[in-house]
Amino acid sequence: MDTSDYHDSVLRNFAFQVSWRTEEILYRLDVDWPEYSEYFTGATFGVAVDSLNGLVYVAQRGDNIPKVLVFTEDGCFLRAWNYTVDTPHGIFAASTLHEQSVWITDVGSGSYGHTIKKYNSFGDLVQVLGTPGKKGTGLNPLQFDNPAELYVEDTGDMYIVDGDGGLNNRLIKLSQDFMMLWLHGENGTEPAKFNIPHSVTLDSAGRVWVADRGNKRIQVFDKDTGEWLGAWTNCFTEEGPSSVRFTLDGKYLIVAQLNLSRLLFVAAPPAGSIGDCSVISTIQLADQVLPHLLDVSGKTGAIFVAEIGAKQVQKYVPLNGYFLSFGS
């Protein structure tokens, strides 16, 4: 190889590395969120973004502390409440133009536990699903045991993963009037069976994505029929997924891995075949941060991560180039 060939090779490698790094780094930490972190007084298990009203709800656990904190998306603390919340796990904001609401899955063993509850923004209890204080496997009436998370569509249809290490290992779809539409409900490693279904989300192609944490995989279903569409296992040999949410533009599935303290950005497949899991980018957090559940702003694309080890919620914002790519 002569000198010019060598320089060409070096330049090609350098250019590849630069473009690869630029493509890979999609988000940066917003170190100024929230304005005052002193409000985090417990273990922060869940976070939910109400993009319609610019609110962020944080669910935390601990004795003699408020279980729910409400911030603006910019980080201003608004209020806190603790009514009828025992041990929160998952949280989901499901506001409409007419109503500000938030759903909480409660895994406590007290009189409010083993339920999924709907509140307004000020903590007034609106709806209870399940049998308060009593775990179970029943479907009529509906019972839960450590319900992990839910996802509510704009139509009011909801998808529930139940549970977080309890009697049940199931994915349930309910209609807006809480009628059972379909169910996958057994413990196991086969398709459409679960071992700690921990998080659930939807994509724009009508598919339901479930973090099947104990089986170290993500399973995918048709939202209308419940048909099993496939699974991803190849990205999760070290640890199963703890949380799943899509980026605002739908290009990537964000996956939290709890004990590895890592966020993965996985290429979202087009409608049709699920294919294999392909990691495009990662955010490695410090040891023992323990990202548990996360949510994404439907307005800015920011990612909010509830960290039970660090006992805080952190906000990651899209870098300018990627931010502009989905036109916000």
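A disulfide is a pair of cysteine sulfur atoms within 2.5 Å. Searching the whole structure turns up 1 disulfide. Its partners are Cys235 and Cys277, with sulfur atoms 2.0 Å apart. The angle about the S-S bond is -110°, and that makes the link left-handed. Where do Cys235 and Cys277 lie? Cys235 is in the loop between strand S17 (228-232) and strand S18 (243-246). Cys277 is in the loop between strand S20 (262-267) and strand S21 (279-284). The pair therefore ties together parts that are 42 residues apart in sequence.

Before I go on, some ground rules. This is a predicted model, where local features need pLDDT of at least 70, side-chain atom pairs count only at pLDDT 80 or more, and totals for chains, interfaces and linings use all residues. Residues are numbered from 1 along each chain as its sequence is written, and side-chain values use heavy atoms, leaving out hydrogens and water.

Now the overall picture. The protein has 2 helices and 24 strands. Helices (H or I, at least four residues) and strands (E, at least two) are DSSP runs, numbered from the N terminus. Of the 328 residues, 53% count as buried. Buried means under 20% relative accessible area, exposed means over 50%, and partly exposed is in between, with a 1.4 Å probe and protein chains only. Next, contacts, meaning heavy atoms within 4.5 Å. Take the contacts between residues at least 6 apart in sequence: 46% of them join residues at least 24 apart.

Back to the cysteines for a moment. Cys235 and Cys277 are both buried. Cys76 is partly exposed, at a relative accessible area of 29%.

Next stop, strand S12, residues 170-174. How many of the residues of strand S12 are buried? The count is 5 of the 5, so the strand is largely enclosed by the rest of the structure. Look at the two faces. Arg170, Ile172 and Leu174 sit on one side, Leu171 and Lys173 on the other, and all are buried.

S12 has partners. Two strands pair if DSSP finds at least two bridges between them. Strand S11, residues 158-162, runs antiparallel to S12, and 5 bridges join them. Met158 has Leu174 of S12 as its bridge partner. Strand S13, residues 180-184, also pairs with S12 in the antiparallel sense, over 4 bridges. Here Leu174 has Met180 of S13 as its bridge partner. The hairpin of S12 and S13 has 5 residues between the strands, and in that hairpin Phe178 takes a positive phi near 70°.

On to charges. A salt bridge is a side-chain nitrogen of Lys or Arg within 4 Å of a carboxyl oxygen of Asp or Glu. By this rule, the count is 14 salt bridges.

The opening example is Lys117 with Asp106, whose closest N and O atoms are 2.7 Å apart. Lys117 is in strand S8, residues 115-120, and Asp106 is in strand S7, residues 101-106, so to speak 11 residues away. Lys117 counts as buried at 2% relative accessibility. Asp106 is buried too, at 0%.

Arg170 forms a salt bridge with Asp162, with the closest N and O atoms 3.1 Å apart. Arg170 counts as buried, at 4% relative accessibility. Asp162 is buried with a relative accessible area of 0%.

Arg245 lies in strand S18 and Asp295 in strand S22, residues 291-296, so the pair ties together parts that are 50 residues apart in sequence. Both Arg245 and Asp295 are buried. Glu149 joins in as well: salt bridges that share partners link Glu149, Arg245 and Asp295 into one network.

I will finish with Glu307, in strand S23, residues 303-307. Glu307 is buried yet has no salt bridge. Which side chain of opposite charge is nearest to Glu307? That is Lys311, 12 Å away. For charge, Lys and Arg count as positive and Asp and Glu as negative, while His and the chain ends are not counted. What does the side chain of Glu307 make a polar contact with? The partner is the side chain of Gln314, at 3.1 Å. A polar contact is a pair of N or O atoms within 3.5 Å; within protein, one must be able to donate a hydrogen and the other to accept it, and residues adjacent in sequence count only if both atoms are side-chain atoms. Leaving aside neighbours within four places in sequence, Glu307 is in contact with residues including Thr44, Leu285, Pro291 and Gln312.
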